[in-house]
Amino acid sequence: MNDKAKKVLKYVVAGLVVFGIGTLTLKAIGTQYGLGVIVTKSLDKDFFIYTKDWHNKIAKGEIVYFNLPIETPYYKKASKFGKIIMCEGGDKLSTQGLDYYCNNKFIGTAKTTDKNGKPVSPFIYNGEIPQGSFFVMGTHERSYDSRYWGFVKEDQIQGIAIWSI
């Protein structure tokens, strides 16, 4: 084999090694992490990276990525959503008029109409949130969230955000 052929072979082998390592790395990362995209203005974020290894790491204030628990007039069931946990299993959620409180702390107000003026019905709940359930909200006042469709259950959560922009 001449020098030129050896050089080409060297680059081909090096390229295959780099490609193989890169492919394995991306596959490993994909099993542990995901990319969430916020397509509405419901959060003050556009993208976030979430960890799929979230069990026992979830807490109030975290952004969770989940499958929408119900079919709504706006979104299909299991649509991907990202919202902030405001109240969790064991906490006391109360609704007073259109205002929501978690453990007697004000967390937000529901609207009576959507952005197009169509009537919307608020989720009304007064009591302890069941274990494994979460009341989630966006940062925008018109966020379509638990105030309108209720709790997100643990088995609907895909992950929690570890980085966002």
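Four strands form an open sheet in the order S7-S6-S5-S8, with antiparallel pairing; two strands count as paired if DSSP finds at least two bridges between them. Strands of a sheet pair through backbone hydrogen bonds, either parallel or antiparallel. The edges of this sheet are strand S7 (105–109) and strand S8 (127–128), each of which pairs on one side only. Strand S6 (residues 99–102) runs antiparallel to S7 and is joined to S7 by 4 bridges. Asp99 has Thr109 in S7 as its bridge partner.

The model is predicted: local features need pLDDT of at least 70, side-chain atom pairs count only at pLDDT 80 or more, and totals for chains, interfaces and linings use all residues. Residues are numbered from 1 along each chain as its sequence is written, and side-chain values use heavy atoms, with hydrogens and water left out.

The protein has 2 helices and 11 strands, taken as DSSP runs numbered from the N terminus (helices H or I, at least four residues; strands E, at least two). From the N terminus on, the order of elements is α-β-β-β-β-β-β-β-β-β-α-β-β.

Totals for the protein are as follows.

| Quantity | Value |
|---|---|
| Buried (under 20% relative accessible area, 1.4 Å probe, protein chains only) | 38% of 165 residues |
| Contacts (heavy atoms within 4.5 Å) with a separation of 6 or more that join residues 24 or more positions apart | 57% |
| Accessible surface (Shrake-Rupley method, 1.4 Å probe) | about 10,100 Å² |
| Carbon and sulfur part of the accessible surface | 58% |

Ser79 lies in the loop between strand S3 (63–67) and strand S4 (80–88). The side chain of Ser79 reaches the backbone oxygen of Lys76 at 2.7 Å. Not counting residues up to four places away in sequence, Ser79 touches Phe66, Asn67 and Leu68.

Key. A polar contact is a pair of N or O atoms within 3.5 Å; within protein, one must be able to donate a hydrogen and the other to accept it, and residues adjacent in sequence count only if both atoms are side-chain atoms. Buried means under 20% relative accessible area, exposed over 50%, partly exposed in between (1.4 Å probe, protein chains only).
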